[in-house]
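I opened my notebook for a look through this model, going contact by contact.

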Amino acid sequence: MLARLSQRRSSRGGAGGLLLLPLLLGLMMMMTMMMMVVVEAASAEEVESEESPEILEEDDSVSTEILEPLSSDVSRVSPLSSWLIFRRNSNKGDNRRTKGSRRTSKHGLPGPPGPPGPQGPPGPPAPLLPQQQELIQELQLKLRDMASGVCFLCDRPPRVSTSFLSRLLQAVTVPRRSLLELQPFSQPSDSERSLQRGHSFNSSTGRYTAPVSGFYQLTASLLIGDRVQIRIRDSVRAAICIESLCQSNLSVESVMGVAAGGGTFSILVTGTLYLQAGEYVSVFVDNATGSAISVLQDSLFSGILLGV
């Protein structure tokens, strides 16, 4: 009987050992997997310390993509999924890592401002003056006349383009036996401004510069007085000269003999000269007497362009 009982117990123990064998194998596999997870975690931490914030973000996205299908099957656990769960949860709470600063720019500090750019195109032209508009209209009419052969302006008087009139500012003394250029002249008065066309007369030098080449009518009316010593052959000559060259250039002149009675007398010089553009004319007095004379104030000098 005892032999039978022992056989029954041994048979039961053998069966129980066979039943515990799978459990022991399962525990050994679980311990092996846990050791593999720990080794992988240690190696992953070393790699993670060298990764940039951008790579960590990409891993997070990959982990979430992998974990979504794994979460559906809880019974299926692998070392990779365990490591991804551990890594995702290790960056939360007190263990959360702060992202480092972005990569610094490869460029240096901004440099100084560059040179100014090229000049822009010119602006629109300024509006024309009334005198310019009149000249343009007259030129257009003349061009039409030349093109058609019909003169529409022949019955109209010509327009005076340049003229001047000025008076001697103060008395000028001319020494005996000398030639002197008269200056300065005064500015035109209000009543004489209507006789002024253009700005070619220089009142300080007494010279008129021709703006265009053409024929000019020039006039000088001089008042002369203060004679002391009189001789029979004494005379006074007045002339309007070109470029101050009364001897070599053509000039308009007048000679006045001196009377023995004395007193103030006048000399009138008038004539036409052809002037090139840019040439100037002025009034000269040649005192051929034996004493000084004076050209009195308000002596006149005038001129007008006749035509080209």
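Is Asp286 buried, partly exposed or exposed? I looked it up: Asp286 has a relative accessibility of 22%, so it counts as partly exposed. The classes I use are buried for under 20% relative accessible area, exposed for over 50%, and partly exposed in between, with a 1.4 Å probe and protein chains only.

A note on the ground rules. The model is predicted, so I keep to local features with pLDDT of at least 70 and to side-chain atom pairs at pLDDT 80 or more, while totals for chains, interfaces and linings use all residues. Residues are numbered from 1 along each chain as its sequence is written, and side-chain values use heavy atoms, with hydrogens and water left out.

**Entry: salt bridges**

I stayed with Asp286 and checked its partner. Its side chain meets that of Arg237 in a salt bridge, 3.5 Å from N to O. I count a salt bridge when a side-chain nitrogen of Lys or Arg is within 4 Å of a carboxyl oxygen of Asp or Glu. Asp286 sits in strand β10 (residues 280-287) and Arg237 in strand β7, so this contact ties together parts 49 residues apart in sequence. Strands here are DSSP runs of E with at least two residues, helices are runs of H or I with at least four, and both are numbered from the N terminus.

Arg237 also forms a salt bridge with Glu253, where the closest N and O atoms are 2.7 Å apart. Glu253 lies in strand β8, so that pair links parts 16 residues apart in sequence. Through shared partners, Arg237, Glu253 and Asp286 join into one network.

Another one of them joins Arg167 and Glu192, at 2.8 Å from N to O. Arg167 is in strand β1 and Glu192 in the loop between β3 and β4, so the two parts tied together are 25 residues apart in sequence. Arg167 is partly exposed at 29%, and Glu192 is buried at 11%.

**Entry: strand β6 and its neighbours**

Next I asked which strands pair with β6. I call two strands paired if DSSP finds at least two bridges between them. Strand β6 (residues 214-225) runs antiparallel to strand β9 (residues 265-275), with 11 bridges. It also pairs with strand β12 (residues 300-307) in the antiparallel sense, over seven bridges, and there Leu218 has Gly303 as its bridge partner. Two bridges join β6 to strand β11 (residues 293-295), again antiparallel, with Ile224 partnered by Val295.

**Entry: aromatic pairs**

I found eight aromatic pairs in the structure. Rings of Phe, Tyr and Trp (its six-membered ring) pair if their centres lie within 6.5 Å; planes under 30 degrees apart are stacked, over 60 edge-to-face, and the rest tilted. Phe164 and Phe201 have ring centres 4.9 Å apart and planes at 10°, so they are stacked. Both Phe164 and Phe201 are buried. Phe215 and Tyr274 make an edge-to-face pair, 4.9 Å centre to centre with 65° between the planes. Phe215 lies in β6 and Tyr274 in β9, so the pair ties together parts 59 residues apart in sequence. These residues also stand opposite each other in the strand pairing. Phe215 is partly exposed at 40%, and so is Tyr274 at 38%. I also noted a cluster linked by ring pairs: Phe164, Phe185, Phe201, Tyr208, Tyr216 and Phe301.

**Entry: the disulfide**

I counted one disulfide, taking a pair of cysteine sulfur atoms within 2.5 Å as the rule. Cys241 and Cys246 form it, with sulfur atoms 1.8 Å apart. The torsion about their S-S bond is about 110°, so the disulfide is right-handed. Both cysteines, Cys241 and Cys246, are buried.

The peptide bond from Gln183 to Pro184 is cis, with omega near -5°, and Pro184 is in the loop between β3 (178-181) and β4. Glu243 has a positive phi near 55° although it is not glycine; it lies in the loop between β7 (235-242) and β8 (252-257). Asp298 likewise is not a glycine but has a positive phi of about 75°, and it lies in the loop between β11 and β12.
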